[in-house]
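Work through the exercises below with the model open. Each task is followed by a solution in steps.

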Amino acid sequence: MIKKDSKTNHEIWSDKLTKIYGKGNEAIEAVSKIDLRVKPGIHGFLGPNGAGKTTTISMLVGAISITEGGAKIRDLKAGSVAAKQLIGFLPQDPVFYEDMTGEEYLIYMGQLGGLQKKEARLKAQQLLEFFNLFHARNREIGTYSGGEKQKVGIAASLIHEPKVLILDEPTANLDPIGRADVVKKIKELSDRVSVFVSSHILSEIEQMCEDVTMIDNGKIVISDSISNIKKSFISNLYILDTNMNKKFVSQLEDKKYILKARIDDIDGKIHIIPKDAEKLRDSLPQMLLKNKAKLYSFYQPELSLQDIFMEIMTKERGNKK
Ligand SMILES: Nc1ncnc2c1ncn2[C@@H]1O[C@H](COP(=O)(O)OP(=O)(O)OP(=O)(O)O)[C@@H](O)[C@H]1O
Ligand SMILES: [Mg+2]
């Protein structure tokens with residue numbers, strides 16, 4: 001279900017990118033022929049545990065080999081030295097030199113990225129300020145909180161001024177305040193660098209990103225802007241609430257114009273996916289009258305990314321059975 005390829009320049013692009021771990025009977029196809037199209041801005045990379053996010057990212061940053069297909073960062077082949085220079089990367093489980101201070105660590109990373117010490121110090125100080133860590137600059141990283149460590153990790157990935165920032169679950173293991181802080185900083189970064197960020201916390205992705213790609217079992221299930229995804233999903237769910245939901249649901253289930261009707265576990269209302277929405281709207285008043293039912297509400301909800309994700313995953317997995 002990939003969006004039609006446009007001629008715009010892509011920050012990240014892949015063609016049938018595939019990773020197979022192991023050989024023979026032991027082989028696992030962790031990523032299977034994925035075509036990524038990542039435009040400038042913040043792009044979310046979603047998928048449940050084991051979907052293949054880290055594997056994909058590891059191929060993009062050149063940390064592991066590509067089994068088949070290929071990828072580019074801007075116009076440069078993923079894994080090449082030139083492509084690596086364009087990228088800032090925060091791994092899922094970053095390893096810090098815990099006995100270095102925040103500032104020492106950033107200067108060190110800057111020098112590794114090719115900066116002179118003086119320049120690295122200046123950039124380190126700017127980044128420490130940007131991430132509200134200046135007060136902690138002379139403390140060892142080992143004493144930093146989880147959120148502070150994540151921010152130092154992102155700062156380190158930015159010190160050589162990359163064009164594309166790749167973050168693998170930057171908010172994992174953080175409390176809600178730490179997460180909100182990291183999300184805010186990532187959003188603020190988007191005017192100077194494109195961001196490709198993986199997460200399975202959908203509400204966060206919804207706050208940060210314009211476009212998303214969802215993968216499951218190593219395959220893309222959807223890739224589009226969040227607004228397009230929401231538009232295409234909103235049309236299909238109707239919520240009905242009456243004083244006799246149980247009775248109504250069994251009547252609705254039998255109608256030809258209904259695909260699915262069920263009482264939702266959480267809100268107790270009837271969630272309806274019609275085959276023919278107009279028929280549903282037309283026949284509802286009569287059904288209510290006939291049953292002498294009271295109507296509390298009938299509306300189309302704005303779906304959260306979480307709802308949509310659950311729906312897509314349920315469908316995907318249902319189809320495979
Ligand atoms: N080095 C490896 N050797 C063999 N299999 C691997 C290796 N690394 C990952 N896998 C397998 O590949 C699949 C994808 O893993 P990956 O880490 O890419 O998923 P993920 O989407 O990042 O998951 P999570 O959300 O848990 O981080 C999983 O089935 C995993 O067990
Ligand atoms: Mg991962």
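The structure is a predicted model.

**Exercise 1.** Decide whether Gln92 is buried, partly exposed or exposed.

Solution. Gln92 has a relative accessibility of 32%. Buried means under 20% and exposed means over 50%, with partly exposed in between. Gln92 therefore counts as partly exposed.

**Exercise 2.** Find which atoms coordinate the magnesium ion (ligand 2), and where their residues lie in the chain.

Solution. Start at the ion: the donors to magnesium are OG1 of Thr54 and OE1 of Gln92, at 2.0 to 2.2 Å. Last, check the accessibility of Thr54: at 31% it is partly exposed.

**Exercise 3.** Locate Tyr108 and state which surface patch it belongs to.

Solution. Tyr108 is found in helix H3, which covers residues 102-112. With a relative accessible area of 30%, Tyr108 is partly exposed. On the surface, Tyr108 forms a nonpolar patch with Tyr97 and Leu112, and together they have about 310 Å² of accessible area.

**Exercise 4.** Which residues of the largest nonpolar core touch the most other members?

Solution. The core has 53 residues, and Phe131 and Ile154 touch the most other members. Leaving out residues up to four places away in sequence, Phe131 touches Lys151, Ile154, Ala155, Leu158, Lys185 and Leu189. Another core, of 23 residues, lies apart from the largest one; Leu36, Val38, Phe196 and Ile220 are among its members.

Notes: Residues are numbered from 1 along each chain as its sequence is written. Chains are lettered from A and ligands numbered from 1 in the order in which they are written. This is a predicted model: local features need pLDDT of at least 70, side-chain atom pairs count only at pLDDT 80 or more; totals for chains, interfaces and linings use all residues. Side-chain values use heavy atoms; hydrogens and water are left out. Patches are made of residues with over 30% relative accessible area and no salt bridge: like charges are joined within 9 Å, nonpolar side chains (Val, Leu, Ile, Met, Phe, Trp, Tyr) within 5 Å. Accessible areas come from the Shrake-Rupley method with a 1.4 Å probe; for residues, only the protein chains shown count as cover. A salt bridge is a side-chain nitrogen of Lys or Arg within 4 Å of a carboxyl oxygen of Asp or Glu. Helices (H or I, at least four residues) and strands (E, at least two) are DSSP runs, numbered from the N terminus. Buried means under 20% relative accessible area, exposed over 50%, partly exposed in between (1.4 Å probe, protein chains only). Donors are N, O and S atoms within 2.8 Å of the metal (3.2 Å for Na, K and Ca); water is not among the atoms, so sites may look incomplete. A nonpolar core is a set of buried Ala, Val, Leu, Ile, Met, Phe, Trp, Tyr and Cys residues joined through side-chain atoms within 4.5 Å. Contact means heavy atoms within 4.5 Å.
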